[in-house]
Amino acid sequence: MNKYRARLVSIGKKYFEEKMRPFLIQKGLLNNTLICFSGSIAYGYCDKLSDIEMEYYIHKKLNKQALREVVEILSKEGVYESVRLSIGLNTEWKLNLILNNKTGNFWKSFDPYQLFEMTHALAIWDPFKIIEKIKKQVAFYPNPIFKKVVRGLWITANDSGFYNADFSIKRGNYTEGYTFLYRGLEALLRLIYVLNREYYPHSKWLTRQLSTLKNNFNAKYYLKKINSGNLKDRYKTFCLFIKEFEQFFLKKHNIIERKYVFDPWVLLKKPYYIHCTF
């Protein structure tokens, strides 16, 4: 645990003990509440610019008035001990479906960023061991969804990074060229995580764990070249990078069929998932 993370964890736990625990005890909710770190503290990516992000989940049905009171007291955006603090009621993880073993319904809609967050959450207070159950039940995509995610990323890498970046450059539309090239690069970096059976993190953290993955597709080498030189040279490097994935898929044809490796647009006729983010 680096020094920044250790400090933020200590401050966050102190805030829980001083500000949150007494209120939860008063309302008889302490043993029905999950409180955990999310964001860079949970992921281990802390630096001097990091803030404290905390989520809480009430494992008990409350009427609207009681829930409103909880939210007014516990939710907070501000500063505590000179650190930015963001605490919110968790309504997006669909924990009821996980805790009630309704994972089929859970997978009908999902957000990759939330999946990464859920499986990296760091518990502060978790009497029901909810975090443990989350990490067990949604450890990774079920195979049909895994293939949908891979198809969407492969389509994006090729359509944006390989095709549209190329023709934007040829037309002299360099702003568009950079946009498409880095959209394609983002898709390839996300794909590395997924092909290693890991959820990918938020784009601002995409390169942080590449070196820890079993197969990182020589990303460090290609990224060093892509991040220097003119746009045409960067595009040429991207084309070499994407070939690493083509070779992988040709060997692992049970993920993407051989005939779709070099013609990924045909995959548009199959189920695929595109992750659109803000």
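## Cysteines

The count of disulfides, meaning pairs of cysteine sulfur atoms within 2.5 Å, comes to 0. Cys36 takes part in no disulfide, and the nearest cysteine sulfur, that of Cys46, is 14 Å away, which is too far for a bond. Cys36 counts as buried because its relative accessibility is 1%, and Cys46 is likewise buried, with a relative accessible area of 4%; buried here means under 20% relative accessible area, exposed over 50% and partly exposed in between, with a 1.4 Å probe and protein chains only.

## Basis of the model

This is a predicted model, in which local features need pLDDT of at least 70 and side-chain atom pairs count only at pLDDT 80 or more, while totals for chains, interfaces and linings use all residues. Residues are numbered from 1 along each chain as its sequence is written, and side-chain values use heavy atoms, with hydrogens and water left out.

## The cavity

The structure holds 1 cavity of 30 Å³ or more, and the space in the largest cavity is about 40 Å³. On a 1 Å grid over the protein atoms alone, a cavity is a set of points where a 1.4 Å probe fits but cannot get out, whereas a pocket is an open set with protein on both sides within 12 Å along at least five of seven lines; lining residues have an atom within 4 Å of a point.

Among the residues lining the largest cavity are Trp93, Phe106, Phe110 and Met118. Helix H6 (residues 112-120) gives the most to this lining, with 3 residues, and by class the lining has 5 nonpolar, 2 polar and 3 charged residues.

The largest pocket holds about 520 Å³ of space. Of the 23 residues that line the largest pocket, Tyr43, Glu53, Tyr113, Glu117 and His202 lie nearest its centre, and the elements giving two or more residues to the lining are helix H2 (39-43) and H6. H6 supplies the largest share, 4 residues, and the lining of the largest pocket has 8 nonpolar, 7 polar and 8 charged residues.

The second largest pocket holds about 320 Å³ and is lined by 15 residues, of which Tyr57, Ile58, Lys60, Asn90 and Asn96 lie nearest its centre. Strand S2 (52-58) and helix H4 (95-99) each supply at least two lining residues, with H4 giving the most, 3 residues.

## Helix H8

A kink of about 35 degrees in H8 is centred on Asn164, the bend at a residue being the angle between axes fitted to the seven residues ending there and the seven starting there. Gly172, whose phi is positive, near 80 degrees, follows H8.

Note on methods:
Points joined across faces, edges and corners; volume = space filled by probe spheres on them. Nonpolar A, V, L, I, M, F, W, Y, C, P; charged D, E, K, R; others polar.
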